Amino acid sequence: LKKEIKKQGSRTITGVKGQFFAFEKTQPGYYGELGLLIINQTLYDLFPFSSFDTSLIVPLSPAEFVQLVLVPEVAVRLIMQDLHLDRDKAIITLRESSQYGVGMFPD
């Protein structure tokens, strides 16, 4: 994400076109859209947007940081725990199972 922001600029990454291209990267794998909602709400409950030091996450807003960084990270960690995988294999599983998750667990 950091490389993409430097290359394309924050407005491109967080705009509609950037969100479209980031969709697959922000999906929580086989947890689907329902899992996305649960993870997102849990993160918001634990870390309200007002609790963020925005200088540490510039150029992203707290909502963008949660969506683009924390949700995928939580999903990877959950997959690691669920399937007893290392990080690299969990990332592969996350990417390969996104379509399954969207189909099986719509919001």
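Residues are numbered from 1 along each chain as its sequence is written, and side-chain values use heavy atoms, with hydrogens and water left out. Because the model is predicted, local features need pLDDT of at least 70 and side-chain atom pairs count only at pLDDT 80 or more, while totals for chains, interfaces and linings use all residues.

**Aromatic pairs**

Rings of Phe, Tyr and Trp (its six-membered ring) pair if their centres lie within 6.5 Å; planes under 30 degrees apart count as stacked, over 60 as edge-to-face and the rest as tilted. By this rule there are four aromatic pairs. One of them joins F52 and F65, whose ring planes stand at 75 degrees, so the pair is edge-to-face. F52 belongs to the loop between α4 (32-46) and α5 (62-83), whereas F65 is in helix α5, so the pair ties together parts that are 13 residues apart in sequence. Helices here are DSSP runs (H or I, at least four residues), numbered from the N terminus. The rings of Y100 and F105 are also edge-to-face, because their planes are at 80 degrees.

| Pair | Centre distance | Plane angle |
|---|---|---|
| F52 and F65 | 5.9 Å | 75 degrees |
| Y100 and F105 | 6.5 Å | 80 degrees |

Accessibility is classed as buried (under 20% relative accessible area), exposed (over 50%) or partly exposed (in between), with a 1.4 Å probe and protein chains only. F52 is buried at 17%, and F65 is buried at 18%. Y100, at 47%, is partly exposed, as is F105 at 33%.

**Helix α4**

Helix α4 has 15 residues and spans 21 Å from its first C-alpha to its last, close to the expected 21 Å; the expected span is 1.5 Å times one less than the number of residues. Its buried residues are G32, G35, I39 and L43. Viewed down the helix axis, these residues fall within an arc of 65 degrees, so they line one face of α4. The arc is that of the directions from the helix axis to the C-beta atoms. An α-helix has 3.6 residues a turn, so residues three or four places apart point the same way. The elements covering the buried residues of α4 include α5 and α7 (98-104).

**Residue S97**

S97 lies in the loop between α6 (87-96) and α7 and is buried, at 10% relative accessible area. A polar atom of the S97 side chain lies 2.7 Å from the backbone oxygen of T93. Leaving aside residues up to four places away in sequence, S97 touches G29 and Y30, where contact means heavy atoms within 4.5 Å.

Notes
Helix = DSSP H or I, 4+ residues; strand = E, 2+ residues; numbered from the N terminus. Polar contact = N/O pair within 3.5 Å; in protein donor to acceptor, adjacent residues only side chain to side chain.
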